[in-house]
Amino acid sequence: MNTETQIMTVEDSNQIQLSRRKFLVSMAGGLGGLFIGFMLPTTGLRWGLSEAEAAILDDPLAGQTIQDVNAWIKISTSGSIELLFGSCEMGQGTMTGLAQLLAEELKVGWDQIDIRRPDTSELPTTSASAKFNYIVPTSKAPASTTFWYGTGGSSGISRRWYPLRIAGAQAREVLVKQAMDRQGDAERSHYSVAKGVVNYLNGNVSNQWTYGQLVETTLASVDFSKIDPTTYLTPIDAFQIIGQPLPRPDIPLKVNGSAKFGIDIMLPGMVFAAIKHCPTIGGTLGITPNKPSGALALVPCKALDNRGAIVKDSINAVAIVASDTWTAMKLAKGLSVSWKLPVSTATVDSASILSKATALMSTSPNSTTPLWLAESRDTSGHVTAPISNLTTTNADSIFRTETSVNEAINAFGKTLQATFSLPYVAHATMEVMNCTVSIIFSGTTLTKCEIWAPSQNPGAVQTTAFNYFTAMGTPLTKDQIVVHTTFLGGGLGRKIEQDYIYQALQVALAVKKPVKLTWSREEDSAHDLYRPMALINVKAGLTESNEIAGCSYRVVTPSISWQRSGIKTSLDSQAVEGAVQSLYNMGSSLTEWVPMDNDSAAIPVGFWRSVGASLNVFAYESMIDMLAQKAGIDPLTFRLKIVSDDRARKILEKIEIHDWWDGFNPSHAWGMAIGKAFGTTVAEVFEISLSSTGSIKVHRVLCVVDCGIVVNPDSVEAQMQGGIIHGMNAALYGKTTFNKGVAQQTNFGSTSTSLRMLKLNQAPDIRVEIMKNSFEPTGTGEPGVPPVAPALANAYARVLATATTPAGKRVTSLPLTP
């Protein structure tokens with residue numbers, strides 16, 4: 001008989017003490033084995049927290065607490081070890097790094113860890129696992145445990161650095177306590193652990209037990225309050241697995257074709273659907289068309305959210321269901337649909353949006369137009385907190401700050417001013433949006449829903465289904481909604497969204513058969529949630545000694561968070577990321593944000609790899625190069641002159657003496673940029689030339705990255721290389737323009753009216769240098785992107801320089817290739 005007995009209670013304090021939590025152990029007879037449940041944070045770094053705090057705290061979702069459980073360590077009597085965690089793998093190598101963290105603290109070989117993405121119904125209280133011992137926070141009963149998880153914010157390793165290591169160490173100590181009880185000796189110094197074996201040695205007496213042997217019976221009490229994290233976590237200088245370039249287990253699967261992406265899912269009796277949206281953003285279905293010949297069904301689909309011009313619950317698409325995907329896509333493409341268009345398309349038209357952004361650029365603090373002073377610094381380095389002009393007091397304060405900064409800029413007569421513009425950019429993941437749904441009925445009663453999706457946010461997928469079925473009057477519990485996370489053929493932030501999931505649910509309920517919904521490339525490109533456009537104005541001045549006297553930076557851009565939430569009362573930190581917390585001494589400076597809401601820009605926007613930093617670092621680092629040119633100083637030397645961040649200085653010094661320069665072709669030009677995003681600082685130097693037709697040829701790139709302690713250097717190198725290629729594509733070609741609400745670039749091609757992509761023969765030689773230090777790990781998935789555009793633009797300005805025009809051709813609009 002299974003009995004549940006609380007054997008240990010330790011309350012959390014109000015301070016961060018990761019080991020001092022309340023735990024319970026459920027006793028189990030017979031099968032044995034061990035589950036340890038814990039919380040792995042689900043979001044990226046947050047402003048206002050130290051990096052250590054941000055790595056261990058989490059933004060609780062509605063109904064959740066910090067002690068909720070979304071991950072499990074499972075140790076079987078055979079000695080097999082699994083980490084059950086709802087992470088997604090989209091090429092970033094997170095699963096390998098997580099295995100390294102766990103193996104280091106569990107003291108097992110890396111190849112002994114199997115990381116598995118469980119479905120959302122898999123709990124230690126179900127099926128055969130119900131007889132396992134389990135340890136969870138007492139605030140959560142195991143039956144309510146969730147595998148809620150979101151992959152984004154470059155947080156795959158950085159935010160799990162402490163929680164996963166501590167969970168591994170706690171599991172290790174549970175097993176050591178079990179060995180102590182068997183041996184009858186409670187002196188911890190008599191025990192050591194290596195390769196999944198607990199060894200005992202006291203004088204001439206020795207013994208050993210495998211982990212599998214130690215979980216064969218019920219567990220003993222372990223009081224974690226008596227374990228100091230500083231003593232039971234492995235010291236940095238003793239790491240054996242962390243820091244090693246271990247291979248990624250997902251790569252062989254992708255090479256041999258056995259990896260299952262969302263688009264690969266096949267189920268018995270499945271039908272296939274393709275979507276057709278109203279081409280005009282914000283348009284809705286006028287008249288439901290007849291089902292075309294050859295189709296199995298036609299299903300009108302509602303919009304999930306208010307996003308830009310799209311209105312929640314409006315019918316803005318129809319799905320065609322057929323016996324195969326190709327047939328469904330052909331029928332959808334050929335379907336004639338009567339759409340009801342918005343009265344005005346000015347807010348979804350590129351030219352109109354740019355015109356409105358230009359007007360907003362001159363916003364006065366004392367106007368009724370919202371304006372945020374995101375940051376201001378005086379010459380002593382004092383930084384003010386963000387304020388908006390919503391009150392007269394704040395508006396007056398912003399006006400005084402602007403006046404003071406402008407006086408500093410103009411004090412020595414060596415000034416510059418420039419305006420930068422960036423377009424909307426599509427994600428263009430290689431795997432288009434797709435989702436497979438199977439629903440099961442008992443008679444007329446809905447009893448279960450299974451979903452297979454290449455999602456960055458499987459917890460949200462479950463919630464989307466739960467809310468949908470509840471609204472339809474066919475409610476399911478969350479235990480009845482099972483989400484299987486497949487491999488992702490690219491995520492880039494797009495697959496955090498739920499629009500394609502919601503459509504697949506609607507189609508499945510309508511046809512009552514397993515269905516796979518797949519978007520065509522044209523639909524994927526024309527109905528994205530795009531990286532926001534931006535218009536940025538910078539003004540800066542130099543002192544007589546060519547220091548920066550002052551800088552005024554203003555960005556006009558839509559807010560992703562405002563559009564998603566509808567709440568417009570706070571500063572969107574993503575809008576100014578890369579333009580605040582400068583790496584340089586900027587004198588008297590300010591950074592302002594003028595938001596564009598749906599009244600001026602109603603294109604749906606979403607998170608895109610590196611988000612706001614990809615906008616602002618382009619303008620900021622272009623400005624730094626322009627100031628270097630005005631000062632008559634080499635761009636690298638100028639940066640070394642003005643840099644204030646110690647870690648950034650070391651990166652620049654590394655670049656200055658790097659042997660990469662030995663291979664530089666003097667007939668080429670170079671440009672550089674440095675930026676910080678998601679806690680990681682990256683500098684890049686591009687070597688370029690122009691072809692006979694005037695197109696940019698990138699020959700070599702040097703990338704120097706400081707991401708703190710490196711868990712897997714091969715993964716970091718790959719992330720930098722991938723980020724640079726992604727950034728090159730966006731800088732050279734990336735744009736989506738809109739004419740009266742209709743996207744103009746909808747499929748791959750080689751012209752300005754298509755989605756242009758880098759080809760293999762355009763890929764440069766990329767050399768990645770990783771700085772070595774003992775700082776806590778920071779993100780690596782996105783920070784390689786932001787420096788690319790300014791480094792390319794800075795190189796482009798140099799390559800076009802002539803004796804008669806020493807300033808060269810400074811390109812201040814992206815993409816660099818019209």
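What follows is a sequence of selections, each with a short account of what is found there.

**Before selecting anything**

This is a predicted model, in which local features need pLDDT of at least 70 and side-chain atom pairs count only at pLDDT 80 or more, while totals for chains, interfaces and linings use all residues. Residues are numbered from 1 along each chain as its sequence is written, and side-chain values use heavy atoms, with hydrogens and water left out.

**The whole chain**

Colour by secondary structure to begin with: the chain has 19 helices and 31 strands, where helices (H or I, at least four residues) and strands (E, at least two) are DSSP runs numbered from the N terminus. Of the 818 residues in the chain, 58% are buried; here buried means under 20% relative accessible area, exposed means over 50%, and partly exposed lies in between, with a 1.4 Å probe and protein chains only. Among the contacts that join residues at least 6 apart in sequence, 76% link residues at least 24 apart, a contact being heavy atoms within 4.5 Å.

Select residues 161-183, which form helix H3; its 23 residues reach 33 Å from the first C-alpha to the last, close to the 33 Å expected at 1.5 Å a residue, the expected span being 1.5 Å times one less than the number of residues. H3 is mostly covered, with 19 of its 23 residues buried. Step past the end of the helix to Gly184, which follows H3 and has a positive phi near 80°.

On the H2 side show Leu98, Leu101, Leu102, Glu105 and Leu106, which meet Trp161, Leu164, Arg165, Gly168, Ala169, Ala171 and Arg172 of H3. By class, this contact has eight nonpolar, one polar and three charged residues, with Ala, Val, Leu, Ile, Met, Phe, Trp, Tyr, Cys and Pro counted as nonpolar, Asp, Glu, Lys and Arg as charged, and the others, Gly among them, as polar.

**Helices H15 and H19**

Move on to helix H15, residues 611-631, and H19, whose axes come within 8 Å and cross at roughly 35°. Val617, Phe618, Glu621, Ser622 and Asp625 of H15 make the contact with Ala789, Pro790, Ala793 and Asn794 of H19. The residues of the contact of H15 with H19 comprise five nonpolar, two polar and two charged.

From H19 (788-799), continue into the segment after it, where Pro815 is found. The peptide bond from Leu814 to Pro815 is cis, with omega near 5°, and most peptide bonds are trans.

**Helices H16 and H17**

How do H16 and H17 run relative to each other? Helix H16 (residues 635-642) and helix H17 (residues 646-656) pack at an angle of about 150°, with their axes 10 Å apart, and they are therefore roughly antiparallel, the class for angles over 145 degrees. Display Leu636, Arg639 and Leu640 in H16, which meet Arg649, Leu652, Glu653, Ile655 and Glu656 in H17. The residues of the contact of H16 with H17 are four nonpolar, no polar and four charged.

**Single residues**

Centre on Asn546, in the loop between strand S23 (534-542) and strand S24 (548-558); its phi is positive, near 65°, and Asn546 is buried at 13% relative accessible area. Compare Lys740, in the loop between strand S29 (738-739) and strand S30 (742-743), where phi is near 55° and the residue counts as exposed at 57% relative accessibility.

Finish with Gln719, placed in helix H18 (residues 713-732) and buried with a relative accessible area of 9%. Leaving out residues up to four places away in sequence, Gln719 touches Gly91, Gln92, Arg609, Thr780 and Gly781.

How values were computed: Axes fitted to C-alpha atoms, helices over the stretch in contact; angles between N-to-C directions. Parallel < 35°, antiparallel > 145°, perpendicular 65-115°, else oblique.
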